[in-house]
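Student: I have just opened this one and would like a walk through it. Could we take it topic by topic?

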Amino acid sequence: MAYQTEQENFWSGDFGDQYIERNGNTREFAASAIGLFSRILCRTEGIHSVIEFGPNIGLNLKAIRLLLPHVGVAAVEINHKAVQQLRDDAFFERQIQVYEQSVLEYQPAETYDLALAAGVLIHIHPDALPQVYETLYRSSRKYICISEYYNPAPVEIPYRGHQGKLFKRDFAGEFLDRYPDCKLVDYGFQYHRDQNFPGDDRTWFLLEKTV
């Protein structure tokens, strides 16, 4: 399939397959995700549905579902192997809506109480970010969560020997500037030296629509 950007081709292909192998369903990652989302979700109310963009094999969605067992979950994932695992994972009991497509192709057909982007905006070409922000905004009924590598100014970082595949910036700040009807509810940092729930040094932001 031909995509709009080289980043989409990159993640839909062999590198995306290898990512699954490197970041499998480990106990450590599961504990880290549960620790993170327990902090985030305690600042919300009335969450009954969640959509995640770029969830890979769904470890974040599993953590959310463990914390909120009643919640309905959906995923937009570009990598075919990850999609197969999401659809076949017994944890979800096939109660997950999976859209096998790029976030740049996805057109929101419904809204969710929480729209989540975690470790995906950093891999979007900067020129395409406004389109992704719009998709996040239109997909959310109430909350948007952005959990990414933060930098006050846009910067590109080499990624496992590749150029043009990882970008850091103030994603949440740009989102808030673009959508003034959204407000910042809370934010935090998941540190790789946390003794209980270590992460990969991402900063998370919980935003809420006010109208």
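**Contacts, cores and a cavity**

Tutor: Let us begin with contacts along the chain: among those between residues at least 6 apart in sequence, 67% join residues at least 24 apart. Please keep in mind that this is a predicted model.

Student: How many helices and strands does the chain have?

Tutor: The chain has 7 helices and 9 strands. Its radius of gyration is 16 Å, close to the 17 Å that the globule rule gives for 211 residues, so the chain is as compact as a globular protein of that length.

Student: And what percentage of the residues count as buried?

Tutor: Of the 211 residues, 52% count as buried.

Student: What about the largest nonpolar core, which residues have the most contacts inside it?

Tutor: Those are Ile51, Phe53, Leu121 and Phe175, in a core that has 31 residues. At least two core residues come from each of the strands S1 (49–53), S2 (72–77), S4 (112–118), S5 (140–148) and S9 (202–209), and likewise from each of the helices H6 (129–139) and H7 (171–178). The largest share, 5 residues, is supplied by H6.

Student: Which residues does Ile51 touch, then?

Tutor: Leaving aside residues up to four places away in sequence, Ile51 touches Ala74, Ala75, Val76, Tyr106, Tyr112, Leu114, Ala115, Leu116 and Ser139.

Student: Changing topic, how many cavities of 30 Å³ or more turn up in the whole structure?

Tutor: A search of the whole structure finds 1 cavity of that kind, and the volume of the largest cavity is about 30 Å³.

Student: What lines the largest cavity?

Tutor: Its lining is made up of Ile146, Glu148, Tyr149, Tyr150, Arg169, Asp170, Phe171, Ala172, Thr203 and Phe205, with S5, H7 and S9 each supplying at least two of the lining residues.

Student: Is Gly119 buried or exposed?

Tutor: Gly119 has a relative accessible area of 17%, and because buried means under 20%, Gly119 counts as buried.

Student: What does Gly119 touch?

Tutor: Not counting residues up to four places away in sequence, Gly119 touches Ser147, Glu148 and Arg202. Although Gly119 and Arg202 are 83 residues apart along the chain, their C-alpha atoms are separated by 8.1 Å.

Definitions and conventions: Residues are numbered from 1 along each chain as its sequence is written. This is a predicted model: local features need pLDDT of at least 70, side-chain atom pairs count only at pLDDT 80 or more; totals for chains, interfaces and linings use all residues. Side-chain values use heavy atoms; hydrogens and water are left out. A nonpolar core is a set of buried Ala, Val, Leu, Ile, Met, Phe, Trp, Tyr and Cys residues joined through side-chain atoms within 4.5 Å. Buried means under 20% relative accessible area, exposed over 50%, partly exposed in between (1.4 Å probe, protein chains only). Helices (H or I, at least four residues) and strands (E, at least two) are DSSP runs, numbered from the N terminus. Contact means heavy atoms within 4.5 Å. On a 1 Å grid over the protein atoms alone, a cavity is a set of points where a 1.4 Å probe fits but cannot get out, and a pocket is an open set with protein on both sides within 12 Å along at least five of seven lines; lining residues have an atom within 4 Å of a point. Grid points are joined across faces, edges and corners, and a volume is the space filled by probe spheres set on the points. The radius of gyration is taken over C-alpha atoms; the globule rule is 2.2 Å times the number of residues to the power 0.38.
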